[in-house]
Amino acid sequence: EKGEPDKAYFIGLKQVATRVTRYVKSLVKSRFDKERSLLDKTVDDQKMAWGTKGHKDVELLIKRYLTSEGKLVKVNGQLIPQNTEPIKSEMDPRNIGLFTTLQEYVLDLLNSYPEDTVFRLEQPIYSDRGGKTGERDIAGTVDFMAIMPDGKRDILYWKFVSINKEKYGDIAWFKQNEWNLQMLEYKKILKRDYGLKDTDFG
């Protein structure tokens, strides 16, 4: 979904009625959206483009270490890249340190998982139960899924946001709430349509 909630979403040749991102936006829109000026909209578009570039950088950094089976290779505790081609950062083309921070994050993340964990990136998930009370024809893309040897799964969705430190000490609570709603919707789909249970999530 990559920050583009209004873009059409297809499963195969079928256009899905609702995207998770769009659905969550509709839940919070009436409470937190205000009339946006042209300048506000321009800044929003720039932030969205920046976030999309960050998504791509993280994806490429993780893929560098994955085998064709989606696993890691370690020698003496060190991750071994499976692709040593240099990555040209889209988020940080001037090399001001952002890409280095992402690299450190990715290494810490991957090293936190046990041996034989399988990783899936940009994993589409879909529920076709539209038309029923309380159900929706809905789909989304999980940015990162780690399937551990014991069967438990971690799912992550990357968010690149700015923080107004004059107002907040952390990401604004309503932005955190939006992220939580999105993760909850992903878990609903995985439980309802893919047979997972609450205990299957790490």
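Start by selecting Ile62: setting aside its neighbours within four places in sequence, Ile62 is in contact (heavy atoms within 4.5 Å) with Val106, Leu110, Leu121, Phe144 and Trp158. Away from that spot there is another core, made of 15 residues, with Ile125, Tyr157, Tyr186 and Leu190 among them. A nonpolar core here is a set of buried Ala, Val, Leu, Ile, Met, Phe, Trp, Tyr and Cys residues joined through side-chain atoms within 4.5 Å. Buried means under 20% relative accessible area, exposed over 50%, and partly exposed in between, using a 1.4 Å probe and protein chains only.

A quick word on what you're looking at: this is a predicted model, in which local features need pLDDT of at least 70, side-chain atom pairs count only at pLDDT 80 or more, and totals for chains, interfaces and linings use all residues. Residues are numbered from 1 along each chain as its sequence is written, and side-chain values use heavy atoms, with hydrogens and water left out.

**Zoom out**

Colour by secondary structure and you'll find four helices and eight strands. They come in the order β-β-β-α-α-β-β-α-β-β-β-α along the sequence. Helices (H or I, at least four residues) and strands (E, at least two) are DSSP runs, numbered from the N terminus. Of the 202 residues in the chain, 34% are buried. Look too at how the chain folds back on itself: among contacts with a separation of 6 or more, 63% are between residues 24 or more positions apart.

**The largest core**

Now select Val58, Ile62, Leu110, Tyr113, Phe119, Phe144 and Trp158, which touch the most other members of the 21-residue largest nonpolar core. Helix 2 (38-63), helix 3, strand 6 (118-127) and strand 7 (138-147) each bring at least two residues to this core. Which element gives the most to this core? That's helix 3, with five residues.

**Helix 3**

Select residues 98-111. Helix 3 has 14 residues and reaches 20 Å from its first C-alpha to its last, close to the 20 Å expected at 1.5 Å a residue (the expected span is 1.5 Å times one less than the number of residues). Its buried residues are Phe99, Leu102, Val106, Leu109 and Leu110. They cover an arc of only 90° around the axis, so they sit on the same side of helix 3; the arc is that of the directions from the helix axis to the C-beta atoms.

Next, select 138-147. Nine of the 10 residues in strand 7 are buried. Two strands pair if DSSP finds at least two bridges between them, and strand 7 has several partners to click through:

- Strand 3 (residues 18-19) pairs with strand 7 in the parallel sense over two bridges, with Thr18 opposite Ile138.
- Strand 6 runs antiparallel to strand 7, joined by nine bridges; Arg120 has Met145 as its bridge partner.
- Strand 8 (residues 153-156) pairs with strand 7 in the antiparallel sense over four bridges. Met145 stands opposite Ile155, and Ala146 has Asp154 as its bridge partner.

For a last stop, select Gly151. In the hairpin of strand 7 and strand 8, with five residues between the strands, Gly151 takes a positive phi near 90°.
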